[in-house]
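Hi,

Here is the structure I promised to send over. Have a look at it first, and then read on for what turned up.

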Amino acid sequence: MVPNSIDMVTLLGPADEHLALVERAFDADVHVRGNRITLTGPPAEVALAERLLDEIVTIIRTGQGMSAETVERAIAMMREETAERPAEVLSLDILSNRGRTIRPKTLNQKRYVDSIDKHTITFGIGPAGTGKTYLAMAKAVQALQKKEITRIILTRPAVEAGERLGYLPGTLSEKIDPYLRPLYDALHDMIDPETIPKLLAAGTIEVAPLAYMRGRTLNDAFIILDEAQNTSPEQMKMFLTRLGFGSKIVVTGDVTQVDLPGGVKSGLKVIQGILDGVDDIVFNQLTSRDVVRHRLVGAIVAAYDAFDNTPEQSRRAAAPDRRR
């Protein structure tokens, strides 16, 4: 194959890093001479490797560049043999700000983003680092910029994580602020920092604890409930019934990290059994393969998943003896 009008350094990577990834992923030898690439090996593997190189060329032509991480994600999608092309997934621009573009990085993330576009209520359920909240917030900012909604509402349950709110120093607002800080941090990636105080003061963006949602009807809004695993079933019902006309809701959470006091059920754990099959509501599951933080985060999540799925007797044997 001859990739026309493509910088071969970008395609092959620094010190041929991308080329090495392709050769490790497929049972095919890749030979490069000038701007001509020749593939040899079993026909099925050669065909896959050629398709992958075509996808990489397509991504480069969008102008977004190429990294080893992008190549690895494209390889993973090729191996899954999904209907979606890697270039379609990895080139979808959601939001750009200060030279940075937010895009889905895995197939499940792309499907999650598409679900937000198509449905009124979307659930994003999965482990830490899978982009559940970050992508939802990017879609919210996009909708605000397109004037599809008039305000963004970001909320989380203020569940105690080892400390009691009443004993923390400061005013009520200062006590609650640490629970909401991750939402503010994400906003700073997506909106010019100097405009955020103005949007907050005008009520265009509201960041508040879940308790502040009670008794309200939220029209023409993009509403995100984060850390939803720490809601009770009653709180989850209260939140979902705040939905007004012209609004969207995205609920995100990780059912393996519930911080509720003993005996309190997680609203996120029971909600799918209640609402599954209801029209215009969709549940998206993300996994350790969708973790986009450091590669070890995905490995850690996968290891915990494997441990949780082992028989109870084996888990007890693996646990340290604390009787001494």
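Let's start with a term: two residues are in contact when they have heavy atoms within 4.5 Å of each other. In the protein chain, 68% of the contacts with a separation of 6 or more are between residues 24 or more positions apart.

Some ground rules before the details. This is a predicted model, where local features need pLDDT of at least 70 and side-chain atom pairs count only at pLDDT 80 or more, while totals for chains, interfaces and linings use all residues. Residues are numbered from 1 along each chain as its sequence is written, and side-chain values use heavy atoms, with hydrogens and water left out.

**The chain as a whole**

The protein chain has 13 helices and ten strands. Both are DSSP runs numbered from the N terminus: helices are H or I with at least four residues, and strands are E with at least two. Of its 324 residues, 44% count as buried. Here buried means under 20% relative accessible area, exposed means over 50%, and partly exposed is in between (1.4 Å probe, protein chains only). The accessible surface comes to about 17,300 Å², and 51% of that belongs to carbon and sulfur atoms. Those areas come from the Shrake-Rupley method with a 1.4 Å probe, and for residues only the protein chains shown count as cover.

How far does H3 reach from its first C-alpha to its last? With 19 residues, H3 reaches 27 Å, close to the 27 Å expected at 1.5 Å a residue. The expected span is 1.5 Å times one less than the number of residues. H4 agrees with that rule too, because its 13 residues should span 18 Å and its end C-alpha atoms are 19 Å apart.

Buried residues of H3 include Leu48, Leu52, Leu53, Ile56 and Ile60. Among the elements that cover the buried residues of H3 are helix H1 (8-12), H2, strand S2 (36-40), H4 and H5. In H4, the buried residues are Ala68, Thr70, Val71, Arg73, Ala74, Ile75, Met77 and Met78. They pack against helix H2 (17-25), helix H3 (43-61), helix H5 (86-90) and helix H6 (107-118). As you look along them, remember that an α-helix has 3.6 residues a turn, so residues three or four places apart point the same way.

Proline 43 belongs to H3, and with a relative accessible area of 70% it is exposed.

**Positive phi angles**

Most residues other than glycine have a negative phi. Which residue with a positive phi follows H4? That is glutamate 81, with a phi near 55°. After H3 comes glycine 63, with a positive phi near 90°.

Glutamate 227 also has a positive phi, near 55°. Glutamate 227 sits in the loop between strand S8 (221-225) and helix H10 (233-240), and counts as partly exposed because its relative accessibility is 26%. Then there is aspartate 280, with a positive phi of about 75°. Aspartate 280 lies in the loop between helix H11 (267-275) and strand S10 (281-285), and is partly exposed at 29%.

**The pocket and the cavity**

On a 1 Å grid over the protein atoms alone, a cavity is a set of points where a 1.4 Å probe fits but cannot get out, and a pocket is an open set with protein on both sides within 12 Å along at least five of seven lines; lining residues have an atom within 4 Å of a point.

The largest pocket holds about 940 Å³ of space. Its lining has 38 residues, and the closest to its centre are Gly129, Thr130, Gly131, Tyr134 and Val292. Which helix gives the most to this lining? H7 does, with five residues. By class, the lining has twelve nonpolar, 13 polar and 13 charged residues.

H2 supplies the largest share, three residues. The lining divides into eight nonpolar, one polar and no charged. For these classes, Ala, Val, Leu, Ile, Met, Phe, Trp, Tyr, Cys and Pro count as nonpolar, Asp, Glu, Lys and Arg as charged, and the others, Gly among them, as polar.

Cheers

Technical notes
Grid points are joined across faces, edges and corners, and a volume is the space filled by probe spheres set on the points.
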